[in-house]
Structure formats: C-alpha cells, structure tokens
Amino acid sequence: MDRTHVVLPAEDIRRQKDFIDRLASIYCRREHPPMAMVDTYGCQQNVADSQRLMGMLRDMGCRFTGDPLAADLIVVNTCAIRENAEKKVFGVVGQLVHVKEKNPEAIICLCGCMAQQEVVAERIRRSYRHVDLIFGPQALWRFPELLYGVYTRRERIFSIADEHGSIAEGLPVVRESGVKAWVSIMYGCNNFCSYCIVPYVRGRERSREPAAILAEVRELAEAGCREITLLGQNVNSYGKDLDVPMDFADLLREIDQIPGDYLLRFMTSHPKDAGEKLFCAMAECSHAARQLHLPVQSGSSRVLKAMNRGYTREQYLEKVRMARTAMPDIVLTSDIIIGFPGETEAEAMETISLVEEVRYDALFTFIYSPRPGTPAAKLPDPVSRGEKQVWFDRLLDAQNRISAELHRVYVGKTLRVLVDGESGDPSWPLSSRTHGGRLVHLKGDTSLIGQYADAHITGSNTWALFGEAAGGPAPIYK
C-alpha cells in the first residue's frame, strides 16, 4: 500500500476537529450537557477504538453514562469474530428501541466490525430503523462528520465502503484508567485465515510511524501509566509497509529505552512470524513482560493448513521451545478452535495432545463458528455440534487440570504484582496481575491501586491466585 494514501494528512484531522466544534456548539444550546454511552464488544482493539470515540465525544461536550435510558447518544462498538457475539449485539440493539420511545431525539450508532459487513448493514437498514448511524472501523476517524450529518440532514447515514483503511493520528482519547493503557501500533490484517472475517472488515495491514508510537508511549510513561499493551491484529507484521527498516522486535527495543516504571505487553502475536529475534528482544528488554500469547488454533498440521495458518504443528512447537529457551519463566497462553469444518476426532485429539505437551498457563477456547464470507464457511462440516462439544469438554478438562497444577506452584512465593483495581469480593478486595499476566485476588488496602506491590501467594485455583500484600522487596517471578 502507498503510505502517502494511508497516513491521513493533518488537514483531514483538522476538518474532523472542526466538526467536533460544530457539534459542541449544537450541544451547548441545550439546557444540560448531552449524556453519551459507548458500549464495547470484542477485542482490545475495539476497546482502543472506543477510547478514541469517547475522546471525540468528550470534546463535543458530552458526559458519559452506563444507563442507555439516560443517554442522548449511544454508540455500540461491535465484534464480528463469532456468531454468539453478533447475536448478543443484535439483542442489545433491538432493546435500544425503548430509548427512542422515551427520547425520540436520541441518536443511536452502530460501529465496529459487524457494521462493516454489508449483510449486517442491510439487516439494520430494514429491521432496526431506530439506528441512525452505521460506520465501519475504517470510517471511525470520520465519526464527528458523520454524526454532524445525522443532526443536520435528519436522515440515517451508512458509511461502510469497502476500503483498505487509513491511519489517523492526533484524534483525542479518553483512557478510563490511569493504570493501564492500550496503544495501537498497526491496523488491519493480511493473513486471511480461512475462518476469520477480520481482514474483510478491518482492511489491509498498515503500521503507524515509529515516532508516533514512541511519542504516545513516552507520554503515558511520563503520566505514570504502569502497564502499556501494544495492539495489532498481528504485531509481528509491524513495519513491513514502512519506508524505514523496522520490525516489531526493533520497535520493542526502541520503546524499552523510554524511562519509567511500566510493564510492556503486546497482542496478538502470529506464530508464523514469531521467531528468535522477537524472543531475544523480549528477554533483553527490561520493560517487556514475560508473557506471550501465541495462538495455535489447532494441533493438527492438516487442519492448520486448511485454516491457512502458515505453519505446522512441528514448527509451532519449535517456536515454543525457542521462546522458553530465551525466557525460561515465560507465561504462555493461546487460542484454540475445536470443530473446524472437516476436523476429525483424531485431529481434535492431536490438539489436546499439543496442549498436554506445551502446558499452557491458560487458553482461550472456542467451538468453530462459521463466518459468512470466509472460505471455511463454504466447507463441508459433517460433524454434529454435540460431538464437537464432547471434544471441547475434553480440551477444557485437560487445560483446567494443567492451569490448576501450574498455579499451585506459585503458592508460598512472593511476587511483584500490579494492583489494578477492586475485585468486588470483600474477602479479596484487590485485583492485581503478575509480571506474566496471572490474575491475583489480593488482600490489602485500596491505597495500593495503581501501584506495584509485593504479594505473598497463599492459595490458587484453576483461574487465579490468591495472596496478601507483603512488605519489602521481592523478585519478579512469572
């Protein structure tokens, strides 16, 4: 892609800020500031996108609410990666008709990956007439202009053109937490895994300029942010479209030079592009977390080929060995899909055997969900949902046992954790994370929130650790 057409010129961003000012003028005539609600579904990139939407809404003069009936403006930011997520969103959007009944002047917007699909947009057009504005991820930067059009033209607006996507720098942002922050380093995907809708709705890969990323991270570090997560559909593809030679490992090393007491995480890392250079950079960068999310999806080489993943079982296992050689204390997590079209029971058991061999700290597991428009959705799928559920349950049994065993090893250790909030459990009032991203329910004072603390681990289960805030220095374990 020609970067002169990917990176938006400054005048385009200034134009959107002009629309923000116009909307602020409309809103300031009201007796009370408008209340906005941003409802987010899906991945961390959607969360980061919603923070940009909230930044624009804040600059328009909006205040925020979590109650749809109290809102004058609702933005539903959607996910299209699985059928269940889509069904949930349609249910939520259907219920928003009551908002219109109570407040006919309320504006309801649908955005994100679902909105980019023509079939979804057409369904909204026909059956959800209370929705005023629909726009896909590529049009997010134009939100002020699109919203202004809804107010001034008094008509429904759909902005879902099929386009490669762009990079918009300088948009305002609202970060709900001063402790953690998301930083998008690239957008889009070129991988075209046969089951995945993302490349069709988020466009082609495009990397932000290193200087822009470094400036954002530096600002966050200087503001006292404790955990910064770099985002991309495949962070390992970072830099392939840049005019200057820089890959993701190079970027990690550049960021690591920024001073501050912060931890650097990233996701998602595609196995086909992960290698020794990245693992060595992680091991040598003092800010890099000893955590790697490396989605395998299947333990069968035949299924991996059908998925268009770009690696075999053996190649994946070699990368795991490479990562653990560089970082013996690495916490490893993954994604797995059970029941891909044509998958046999023996192939599903290959996945379970891989899980037994790797011994992940945790897994994100799913039964295959067909996505219309993807190659996999057209494949024969003779295995019943009930049989897939049996395979899935066996996978869960194996991983739950492994997670419980790995978590028990922590008991009796003292770990450095980041206390990131309250848990809602009076017995363990604080929520925290280890260097490797393990959840720790912690006893301690709320004054620790936003700080690193030493936690003495007293218990564990399949999903979490339990501990007490301790005094004195502690080593950093995984």
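Predicted model: local features only at pLDDT ≥ 70, side-chain atom pairs only at ≥ 80, totals over all residues.
Residues are numbered from 1 along each chain as its sequence is written, and side-chain values use heavy atoms, with hydrogens and water left out.

Let's start with the whole chain. It holds 16 helices and 19 strands; these are DSSP runs numbered from the N terminus, H or I of at least four residues for helices and E of at least two for strands. How does the radius of gyration fit a compact globule? For 478 residues such a globule would have a value near 23 Å, and the chain has 23 Å, so the two agree. That radius is taken over C-alpha atoms, and the globule rule is 2.2 Å times the number of residues to the power 0.38. The C-alpha trace spans about 60 × 60 × 50 Å along its principal axes.

Now, what is inside? Of the 478 residues, 55% are buried, meaning under 20% relative accessible area, while exposed is over 50% and partly exposed lies in between (1.4 Å probe, protein chains only). Among contacts with a separation of 6 or more, 76% come from residues 24 or more positions apart; a contact means heavy atoms within 4.5 Å.

Buried or exposed? A211 counts as exposed because its relative accessibility is 58%.

Finally, the strands, which pair if DSSP finds at least two bridges between them. Let's begin with β15 (residues 414–425). Strand β15 runs antiparallel to β16 (residues 428–434) over six bridges, with L418 opposite R433, and a hairpin of two residues joins this pair. Strand β15 also pairs with β18 (residues 452–460), antiparallel over five bridges, and there T414 stands opposite H456.

From β18 we move on to β19: these two are antiparallel over six bridges, and their hairpin goes through four residues. Which residue in β19 is the bridge partner of G459? That is F466. F466 is also the bridge partner of H441, where β17 (residues 439–443) pairs with β19 (residues 465–470) in the parallel sense over four bridges.
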